[in-house]
Protein chains: 2
Amino acid sequence: MRVSVSLLPEPEAVSADIEVAVVIDVLRATSVMAVAIAAGARRIVTCRTVGEARQLAAFHGPDARLCGERGCRRVDGFHFGNSPREYAAELVSGRTLVLTTTNGTRAVQAARNAPSLLASSFLNLNATVSRLAGAEHVHLLCAGTDGRITAEDVLAAGALVERLTRLGPVELVDDEPRIALGVYRAALGGARAPDSSRLAERLRDTRGGRNLIREGYAADLDFCARVNSIDVVPERTTVSPATFEARSVSKPASGD
Amino acid sequence: MRVSVSLLPEPEAVSADIEVAVVIDVLRATSVMAVAIAAGARRIVTCRTVGEARQLAAFHGPDARLCGERGCRRVDGFHFGNSPREYAAELVSGRTLVLTTTNGTRAVQAARNAPSLLASSFLNLNATVSRLAGAEHVHLLCAGTDGRITAEDVLAAGALVERLTRLGPVELVDDEPRIALGVYRAALGGARAPDSSRLAERLRDTRGGRNLIREGYAADLDFCARVNSIDVVPERTTVSPATFEARSVSKPASGD
C-alpha cells in the first residue's frame, strides 16, 4: 500500500492514481459526520455555502435538516450547528442532513477527483483503517483551518499512518506521512496508543482547540477525543453534491 | 518572544510585524551558505535564475565565483555546485559567491519583507539561536522541495523552536511550531539533543536525502548533519539582490 498525506487540502493534492482519499477535519466536521451517521442519519449532503445548503435542503423535502457553522457557531435558522454533541439519534435517525462547514467541506471538494472518499476522525480510526485494508494507494487529506495547517488534523493523519503500517508493508510517499507520524508519536510520549484524556489534552493545545474553547465549546474537545468510540465510516456515494452514507466496513466484491 | 513557522515558503508567510526571519534549506543551500561564510567568503549574493547569476558575477568582477545547482548537480560552467564539501577556505576566502539554487533562493525571496533575515541549518543551530536572543517575533521559513514540505527542514525548524523555548518564555504562533517540535522530538527518540550520526540517519529517510543519495551525494548528508560545527550565521545585508555576510552574534546597539 502507498500512503500519501496532504497537511493542507491543496487543489492538486489528489492525483489520478489514488484509490481512496480520506478527509480529516477532527474539530469538527468529520467528527460530526461520523456521529451523525452512527446515530442513523440516512445521508449527509455536504456543500460550501449557506445558500447552497438551503437549496439542497429544500430539494430533499421537509424532513431534511440544515447543519453547519460559521465562526464555530450554528448558522441562523439551521437545525444543527457543528457540535457532535447535538446529533442525538432521536433527532437525526433516518434523515437527510445538509452540512456546510468552513474547512471540512472545502477539503471534501479538494478531494472530489478521488474514486472513493471517506470521512475520518479520532472517533472512527479503526473503522477507517478496516475500510482501507487492501487499497493500493491511500491519500489522507488534512482540512486545516483557513488555509493554515492544524495540529489536530495532522495528529489524526499520523494515527492513521501508524495503524496502516501495522496492517502490512506500506510505502510512505514523500515526507508528509513521516511528518504526521512524528507529530503523532511525539504526542503519544512513548505510549502505544493514545488514551482519550491524553488526546483531549493535546487537542486543547491546537489552533482548532483554542478556537473552540474561546467560543464555549470546550466539551467538544473531550467528545472528539473519544478514540474508536464509533465503528462506522462515512463514505461518499455521490460526487456532486458530495453525499456521504454509512458503508459496510467489509469491502464489497467487485464484478459479478 | 513569539515564534512562528512556515512549513513551506508561502508568499504571504512573512507578516509585517516579524522582526527576524530565518530561512532553512538543510539539504543544501543554507548549509552551503554557513560553510562558505565560515570558510571566509566575503559575501554570498543569492538569485533565482542562472542568467541572473551570470550577470551578478560579471558585475562583481573576475574574483566572483558562480555557485549553484539544478537537479542537485553543478550548473554547467559554474565554479561550485551545491555541495558544502566543495567550499574549502583556500577556494572561497575573501571572494564574492553568487549562488542560485532551486528551493533555498526561492525561500529567501519569499522572506524579502522581513526586516532581518538569517540562513540556518543544523551546522549553525546555536549560532542562530544566539543571534535570535531578545527578538520580539521570530519567523522560521522552511524551504521545502518543489513546493512540497520536506522533513529535513521541518526537523531543523523544530530544533530551533526547542532551543528558543530554552532561552526564555516563548509564545508559539498557530500550530506549525508545535508540529515542527513534535517531528523533532520524535526524531530524537528521547535523547536531549541529536548526535550527528543519528541525525544523518534521519536525513537519509527524507525526500531531500533520498534525492541526494540517488544523485551520488550521500556524503553530503553526513556533512549537513554535523550539528553546531559552525559558529557563524549568514545574515542578509542587502535586500536586492539578497546578499548575505557573516554577522557578529552579539546584537549591535540601535540608535546613537
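## A threonine in helix α4 of chain B

The side chain of B:T105 reaches the backbone oxygen of B:T101 at 2.6 Å, in a model that is predicted, so that local features need pLDDT of at least 70, side-chain atom pairs count only at pLDDT 80 or more, and totals for chains, interfaces and linings use all residues. Residues are numbered from 1 along each chain as its sequence is written, chains are lettered from A in the order in which they are written, and side-chain values use heavy atoms, with hydrogens and water left out.

B:T105 lies in helix α4 (residues 104-110) of chain B, where helices are DSSP runs of H or I with at least four residues and strands are runs of E with at least two, numbered from the N terminus. With a relative accessible area of 3%, B:T105 is buried, a word that stands for under 20% relative accessible area, with exposed meaning over 50% and partly exposed in between (1.4 Å probe, protein chains only). Apart from neighbours within four places in sequence, B:T105 is in contact with B:T46, B:C47, B:R48, B:L99 and B:T100, contact meaning heavy atoms within 4.5 Å.

## Loop residues of chain B

B:P194 is placed in the loop between α7 and α8 (196-204) of chain B and counts as buried at 12% relative accessibility. Its contacts, leaving aside neighbours within four places in sequence, are B:R163, B:Y184, B:L188, B:L199 and B:V227.

B:C72 is found in the loop between β4 (65-70) and β5 (73-74) and is buried, with a relative accessible area of 16%, while B:D146 lies in the loop between β8 (137-142) and α6.

Chain A has 10 helices and 11 strands. Its radius of gyration is 17 Å, close to the 18 Å that the globule rule gives for 256 residues, so chain A is as compact as a globular protein of that length; the radius is taken over C-alpha atoms, and the rule is 2.2 Å times the number of residues to the power 0.38. Buried residues make up 58% of the 256 residues in chain A, and among its contacts with a separation of 6 or more, 76% are between residues 24 or more positions apart.

A cis peptide bond joins A:L27 and A:R28, with omega about 10°, and A:R28 is found in the loop between β2 (20-24) and α1 (29-38). Another cis peptide bond joins A:S240 and A:P241, with omega about -5°, and A:P241 lies in the loop between β10 (233-238) and β11 (243-247).

## The interface between the chains

At the interface, 23 residues of chain B are in contact with 23 residues of chain A. The rule finds 10 salt bridges across this interface, each a side-chain nitrogen of Lys or Arg within 4 Å of a carboxyl oxygen of Asp or Glu. One of them is formed by the side chains of A:R148 and B:E176 (2.8 Å, N to O).

The elements that give two or more residues to the side of chain B that touches chain A are β1 (2-6), α6 (151-167), α7 (176-188) and α9 (207-214) of chain B, and α7(B) provides the largest share, 7 residues.

Note on methods:
Polar contact = N/O pair within 3.5 Å; in protein donor to acceptor, adjacent residues only side chain to side chain.
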